[in-house]
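Here are my notes on the model you sent. Please read them with the structure open.

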Amino acid sequence: MELFDIAGLCVQFAPRGQLLISRTRPYLAPPGAAPDFTIDLPDAFLEEKHARYPQLTKDECEYMWVGEAFYAKLLGYDGMLLHASCIEKDGRAYLFSAKSGTGKSTHTHLWLKAFEGSRIINDDKPALRKFDGKFYACGTPFSGKTDESVNARVPVRALVFLERGAENRVEPLAPEQAIPLFLSQTLRPPVRDGMARLLTLLGDLLKAVPAFRLQCNMDPGAAAAAYEGIERLCRAKEKDGRHEG
C-alpha cells in the first residue's frame, strides 16, 4: 500500500488501475508517515460495481469508489464533500456548486481567463475541512472527468450555488435556504449518527462562510460580474458583523 496526503490527512490505499495511479502521484505522502485511515476495497466489490455499471471501465470503478470511501471517512475528521468547481483567487477559495450540466466548470474557467494568478483547486469534488475553527477548500485526486486539481488547502471565501440566467445576478442565501442546496450536492451518510454529524458540520460552515445564489450567463464578463457581486455582499456582511459586535 502507498500513503497519500489528501486534505491534510494521511490516507493509505493501494491503487491498481492507471487512472487512480496517475491522479494520486501529486498526493504522495512522505515514507513512514502514520496513516489516519486505510481504504481497502476488495476485488470482488469492484468487480460487482463494474458488472452493475458496465458503461464504466474497471479503472473508473476503482477511481469512483475509492473516492467515495475517502469522502465517507472524511466526515470523521471535520470534513465533507461538495460537488463543486473550486477556484482560488487572491488566496481565497470560491466554490461554485450546481447540478451536472449547469456550467459550473465553464464559469470557473471564465475566472481563469479574467483573473491572472487564479487557479482551480478541484474542478468537481473539493473537500471542505475545518481546521482550528476555520473552513478550507482542499484539492483531492478525485476531480471527476478532468484532472484539474492541486494538492493545496485554501481558506473558503464563499459558497455559490449556480443557476443559468440571461443576466448575471448574485443574491445572498440564508442558511436555511443553503442547507437543502448543499445536501443535494454532497455525500449523505446512510446512518442517523453520520447524518447528524454532517448537519452539525454544515451548520458550522454556514455560520462561518456566506452562501449565495448566482444566476449567470456564460459571457466573458460573467466572471467579473460574479466576483464583484460576491465581494460586495461579503464586505457588507462583514461590515454588519462589526457593527453588531
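1. Overall size. This is a predicted model. The protein chain has 245 residues, and a compact globule of that length would have a radius of gyration near 18 Å. The chain has 18 Å, so the value agrees with a compact globule. Along the principal axes, the C-alpha atoms fill a box of roughly 55 × 40 × 35 Å.

2. Fold content and packing. The secondary structure comes to 7 helices and 12 strands. Of the 245 residues, 49% count as buried. Take the contacts between residues at least 6 apart in sequence: 68% of them join residues at least 24 apart. The accessible surface comes to about 12200 Å², and 51% of that belongs to carbon and sulfur atoms.

3. How do strands S1 and S2 run? They are antiparallel, with 5 bridges joining S1 (residues 2-6) to S2 (residues 9-13). Phe4 stands opposite Val11 in S2. The hairpin has 2 residues between the strands, and Ala7 takes a positive phi near 55°. As you look at the strands, recall that side chains in a regular strand alternate between the two faces of the sheet.

4. Aromatic pairs: Tyr63 and Phe142. The model holds 15 aromatic pairs. In one of them, the ring centres of Tyr63 and Phe142 are 5.9 Å apart and the planes meet at 50°. Stacked pairs need planes under 30 degrees apart and edge-to-face pairs over 60, so this pair counts as tilted. Tyr63 lies in helix H3 (residues 58-74). Phe142 lies in the loop between strand S9 (134-138) and strand S10 (153-164). The pair therefore ties together parts that are 79 residues apart in sequence. Tyr63 counts as buried, at 7% relative accessibility. Phe142 is buried too, with a relative accessible area of 3%.

5. Aromatic pairs: Phe115 and Tyr227. This pair is also tilted, at 5.3 Å centre to centre with 55° between the planes. Phe115 sits in the loop between helix H4 (104-114) and strand S7 (119-122), and Tyr227 is in helix H7 (residues 222-244). The pair therefore links parts that are 112 residues apart in sequence. Are these two residues buried or exposed? The cut-off for buried is under 20% relative accessible area. Phe115 has 15%, so Phe115 is buried. Tyr227 has 18%, so Tyr227 is buried as well.

6. Charges over rings. Arg153 lies over the face of Phe131, at 3.9 Å from the ring centre.

7. Lys134. This residue is found in strand S9. At 44% relative accessibility, Lys134 counts as partly exposed. Which residues does Lys134 touch, leaving aside its neighbours within four places in sequence? The contacts are Arg129 and Pro155. Lys134 and Pro155 are 21 residues apart along the chain, and their C-alpha atoms are separated by 7.5 Å.

Methods
Residues are numbered from 1 along each chain as its sequence is written. This is a predicted model: local features need pLDDT of at least 70, side-chain atom pairs count only at pLDDT 80 or more; totals for chains, interfaces and linings use all residues. Side-chain values use heavy atoms; hydrogens and water are left out. Two strands pair if DSSP finds at least two bridges between them. Helices (H or I, at least four residues) and strands (E, at least two) are DSSP runs, numbered from the N terminus. Rings of Phe, Tyr and Trp (its six-membered ring) pair if their centres lie within 6.5 Å; planes under 30 degrees apart count as stacked, over 60 as edge-to-face and the rest as tilted. Buried means under 20% relative accessible area, exposed over 50%, partly exposed in between (1.4 Å probe, protein chains only). A charge sits over a ring if NZ of Lys or CZ of Arg is within 6 Å of the ring centre and within 35 degrees of the ring normal. Contact means heavy atoms within 4.5 Å. The radius of gyration is taken over C-alpha atoms; the globule rule is 2.2 Å times the number of residues to the power 0.38. Accessible areas come from the Shrake-Rupley method with a 1.4 Å probe; for residues, only the protein chains shown count as cover.
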